[in-house]
Amino acid sequence: AYVITDPCIDVKDGDCTVACPVDCIYEGGRMFYIHPGECINCGLCLSVCPVDAISWDEEIPQERMQFKAVNQDFFGPD
Ligand code: SF4
Ligand code: F3S
C-alpha cells in the first residue's frame, strides 16, 4: 500500500484526497493517513502531493520507515 510520510506534517495540502478514487485518505491531527486496507494501490495520489510525502511502502526511504507503523497505528488492527 501507499503510505504518507513526514513531509505532510503541518502541510496537509489535501490534493491527494481529491485524487483518490476510493476516498481512503483520512485527516488526523497534524497529517493525513492512507487506510492500508482500503487503498487499491492505483498510485494516483503520488504525483499530486506538492511535498512528495507519499511513498510505495516497499520503497520508503529508510529515514521515513517508521511512518508505515505510524500509519498502521492510526487505523488500529484490522
Ligand atoms: Fe487512494 Fe490510489 Fe493513493 Fe491508494 S494509491 S491512497 S487508492 S489514490
Ligand atoms: Fe499531505 Fe501531500 Fe496529501 S501534503 S494531505 S500527502 S497532498
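Trainee: By class, how many residues in the shell around ligand 1 are charged?

Mentor: This is a predicted model, in which local features need pLDDT of at least 70, side-chain atom pairs count only at pLDDT 80 or more, and totals for chains, interfaces and linings use all residues. Residues are numbered from 1 along each chain as its sequence is written, chains are lettered from A and ligands numbered from 1 in the order in which they are written, and side-chain values use heavy atoms, leaving out hydrogens and water. Ligand 1 is surrounded by 13 residues (a heavy atom within 4 Å), the closest being Cys 20, Cys 39, Cys 42, Gly 43 and Cys 45. Counting Ala, Val, Leu, Ile, Met, Phe, Trp, Tyr, Cys and Pro as nonpolar, Asp, Glu, Lys and Arg as charged, and the others, Gly among them, as polar, the shell has 11 nonpolar, 2 polar and no charged residues.

Trainee: Which geometry do Phe 74 and Phe 75 adopt as an aromatic pair?

Mentor: Rings of Phe, Tyr and Trp (its six-membered ring) pair if their centres lie within 6.5 Å; planes under 30 degrees apart count as stacked, over 60 as edge-to-face and the rest as tilted. The structure holds 4 aromatic pairs. Phe 74 and Phe 75 lie 4.9 Å centre to centre with 85° between the planes, so the pair is edge-to-face.

Trainee: Is Pro 7 buried or exposed?

Mentor: Pro 7 lies in the loop between strand S1 (2–4) and helix H1 (15–19), where DSSP runs define helices (H or I, at least four residues) and strands (E, at least two), numbered from the N terminus. Buried means under 20% relative accessible area, exposed over 50%, partly exposed in between (1.4 Å probe, protein chains only). Because its relative accessible area is 18%, Pro 7 is buried.
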